Amino acid sequence: MKRNLITILALIIALSSCNDDALFEKEMYKNVVALISSDYYNTFEEVVTLSPTGEEATGYIAACTGGTHAPKKNMVIGLEEDLTSLEFYNRSLYDVDAKFLPSDKYEIVDYKIQINAGERTGRTMIKIRPEGLSPDSTYFVGLKATDISGVEINESKNTILYQILIKNAYAT
């Protein structure tokens, strides 16, 4: 009798135990978007060859999403010019004289980045016209990610200084 009671109690406990899958689903890491850059002041370096024919160079500004699973719906973030991050960069590196790339020297094709459902990354194209730029100068395009479609953006990776390094026969 005592054995039957223990068996019944064990069976009741086993059947009424918590749902492990529900706990797992509840603790999933959420999808948070970040611009892809280095940890070094959120910079991303693009090496552009100075061409004698004045050709445009193509680069990409990318974003990724974290989380346990890829997003189930498309995630769209906007990009806008950011004038504050370069000032912080220059101050932090003891008055380095980095400057913004003149607006006539680049074109961002679309100021939106879409991360498609089921994928982890998205990107947008930037066209750079290096003719007339000095290989001895440091040029940046400062950008900040903005929420368009209810996307959570990582606050520590929501800006990027897209650095243009000019390469020619004398500068590598």
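Biologist: Before we look at rings, what makes Phe, Tyr and Trp rings pair here?
Modeller: Rings of Phe, Tyr and Trp (for Trp, the six-membered ring) pair if their centres lie within 6.5 Å; planes under 30 degrees apart are stacked, over 60 edge-to-face, and the rest tilted.

Biologist: And how many aromatic pairs does a search of the whole structure find?
Modeller: Five aromatic pairs turn up. Tyr40 and Tyr41 make one of them, an edge-to-face pair with 5.1 Å from centre to centre and 75 degrees between the planes.

Biologist: Wait, what sort of model is this?
Modeller: It's a predicted model, where local features need pLDDT of at least 70 and side-chain atom pairs count only at pLDDT 80 or more, while totals for chains, interfaces and linings use all residues. Residues are numbered from 1 along each chain as its sequence is written, and side-chain values use heavy atoms, with hydrogens and water left out.

Biologist: Fine, back to Tyr41. How far apart are the ring centres of Tyr41 and Tyr89?
Modeller: They sit 5.7 Å apart, and the planes are at 85 degrees, so that pair is edge-to-face as well. Tyr41 is in the loop between strand S1 (32-35) and strand S2 (43-49), Tyr89 is in helix H3 (residues 84-92), and the two are 48 residues apart, so the pair links distant parts of the chain. Helices (H or I, at least four residues) and strands (E, at least two) are DSSP runs, numbered from the N terminus.

Biologist: Is Tyr89 buried or exposed?
Modeller: Tyr89 is buried, at 7% relative accessibility. The cut-offs are under 20% relative accessible area for buried, over 50% for exposed and partly exposed in between (1.4 Å probe, protein chains only). Tyr41 is partly exposed at 28%, and Tyr40 is partly exposed too, at 46%.

Biologist: Which residues do the ring pairs link into a cluster?
Modeller: Tyr40, Tyr41, Phe88, Tyr89 and Phe140.

Biologist: New topic: what lies over the face of Tyr60?
Modeller: Arg123, at 3.9 Å from the ring centre. A charge sits over a ring if NZ of Lys or CZ of Arg is within 6 Å of the ring centre and within 35 degrees of the ring normal.

Biologist: What else is Ser37 in contact with, leaving aside neighbours within four places in sequence?
Modeller: Besides Lys157, there's Asn42, Thr43 and Ile160. Contact means heavy atoms within 4.5 Å.

Biologist: And where is Ser85 found?
Modeller: In helix H3. Ser85 is buried, at 11% relative accessibility, and its side chain makes a 2.9 Å polar contact with that of Asp82.

Biologist: Last one: where is Ile148 found, and which residues does Ile148 touch?
Modeller: Ile148 is in the loop between strand S9 (139-147) and strand S10 (152-153). Not counting residues up to four places away in sequence, Ile148 touches Val76, Ile77, Gly78 and Lys112. Ile148 is partly exposed, at 48%.

Notes. Polar contact = N/O pair within 3.5 Å; in protein donor to acceptor, adjacent residues only side chain to side chain.
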